[in-house]
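Student: I would like to go through some structural labels and see what each one rests on.

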Amino acid sequence: MIPLTIAEVEQLDTGRLEASADQITGVKIDSRLVEPGDLFVAIGPGKDFLADARSRGAAATLVPKDAFAAVGALGSAIRERSSARVVGITGSTGKTSTKDVLHALCSPVVRTVAAEASFNNELGVPLTLCRLEPDTEVCVLELAMRGLGQIAALAAIAQPEIGVITGVGPVHLELVGTVAAVAQAKAELIEALPSGGVAIVPADVAELAPYLRREDLEVRRFGPRDVLSAEVDGERTHAVLSVGGREVELTFNFVARHHLVNALAALHAYEAMGLPLDRAHEGAAAIAFSRWRGEELPLDGGGLLINDAYNANPMSMRAALDHLADRAGSRRRVAVLGDMAELGQDAPRYHREVGRHASAMGVDVLLTVGPLAEHYGDQTEIASVRSVAGVDEAIAALDELLQPGDCVLVKASRSVGLEVVAEALAGARV
């Protein structure tokens, strides 16, 4: 981290500060992760672990008046001292994977810091900024939203120069009401960009049009049509992509088609920073996606588990079912699908639509988990459909339903916790 003196931290006036050194060289909110020189910010029950933090070498401890405000102030202080190019990424689906791709592309070329996992909220964004070093050249941030104003607040801390919106769709509708409002919330990132900044947005998303009228921004668009060709070879994909009118041929270490669109967004951000496209192949072959996002594991009898249990919405569900169809080949296609949360009063309809898509993708066995998930089976031609209430029942049902050699997709909103089901399958090796 770019060091802050204790005097500089005191000037932020964020709470009760106790110091044993002249400066801090890191910020932690978990005492178990504290290293010598860190500032430990005691959030909530963290105040019970002040002594633990000091025993691990904390240079200072802070009991904040307001946790989010305190961590945000620290992140802002570091950002103001950094010359790094900051890219902010948001979107209804694919933002974490796009962040992962951009991180991989940049890392061989420039000194890069990127958000860990899904560090994308009022704590995660400033904590990522607190990892900036004096020589950091690029910082890749993921910005989440659960309502209007949240991305604007995060962008005020991060001060991104480049903003990426991966997509706009029916997410968080219980909070914002309509897809148009989702676009409005995501567009707060565009509004936060400085004059001369770059907005990278999906093509043909009409809801974003009202927010793309700033004449002082460069607007770049991407979409599936920019995937000129793609061929899967084992665990890799050879693709030719159109990036800013230039054809770029790359080999990626993934096989999911939807990641090619994420890669397009990342490549536009990479090029917008002036980084060399002729070196993009170095990172394209070494992408490390965050956990539970399409992880693939072999199952006994030649089967395959696709663990995509981290989260779900109608857009990502369709993409995952497309991927199941691609990967299954001649194997039986088994979909274990849980509730999609926060879809508002139209939630049953969205679930029925996904169920029909599962049928169109040739799913042979559908196991639904949760009350909303039952609607996947309302209007489907899938031969075998079973509904259960939770993960324990799902694991028991799969003991009966699965056969050696099946290709199994596990996906739901985060609240369902279907990673437990995926881990049970991986452990059992059907």
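Predicted model: local features only at pLDDT ≥ 70, side-chain atom pairs only at ≥ 80, totals over all residues.

Tutor: Residues are numbered from 1 along each chain as its sequence is written, and side-chain values use heavy atoms, leaving out hydrogens and water.

Student: Why is helix 12 called roughly parallel to helix 13?

Tutor: Helix 12 (residues 314-328) and helix 13 (residues 347-360) pack at about 10°, with axes 10 Å apart. Angles under 35 degrees count as roughly parallel, so helix 12 is roughly parallel to helix 13.

Student: Which residues of helix 12 and helix 13 make the contact?

Tutor: With contact taken as heavy atoms within 4.5 Å, they are Pro314, Met317, Arg318, Leu321 and Asp322 of helix 12, and Tyr350, Glu353, Val354, His357 and Ala358 of helix 13.

Student: What makes Pro170 buried?

Tutor: Its relative accessible area is 11%, and buried means under 20% (1.4 Å probe, protein chains only); therefore Pro170 is buried. Pro170 lies in the loop between strand 10 (162-165) and helix 7 (173-176). Among the residues Pro170 touches are Pro314 and Tyr350. Pro170 and Tyr350 are 180 residues apart in sequence but 8.8 Å apart in space, C-alpha to C-alpha.

Student: Why is helix 4 described as largely enclosed by the rest of the structure?

Tutor: Eleven of its twelve residues are buried, so helix 4 is largely enclosed. The cover of those buried residues includes strand 7 (85-90), strand 9 (138-142) and helix 10 (258-272).

Technical notes:
Axes fitted to C-alpha atoms, helices over the stretch in contact; angles between N-to-C directions. Helix = DSSP H or I, 4+ residues; strand = E, 2+ residues; numbered from the N terminus. Parallel < 35°, antiparallel > 145°, perpendicular 65-115°, else oblique. Buried < 20%, exposed > 50% of the residue type's maximum accessible area, 1.4 Å probe, protein only. Lists of a residue's contacts leave out its neighbours within four places in sequence.
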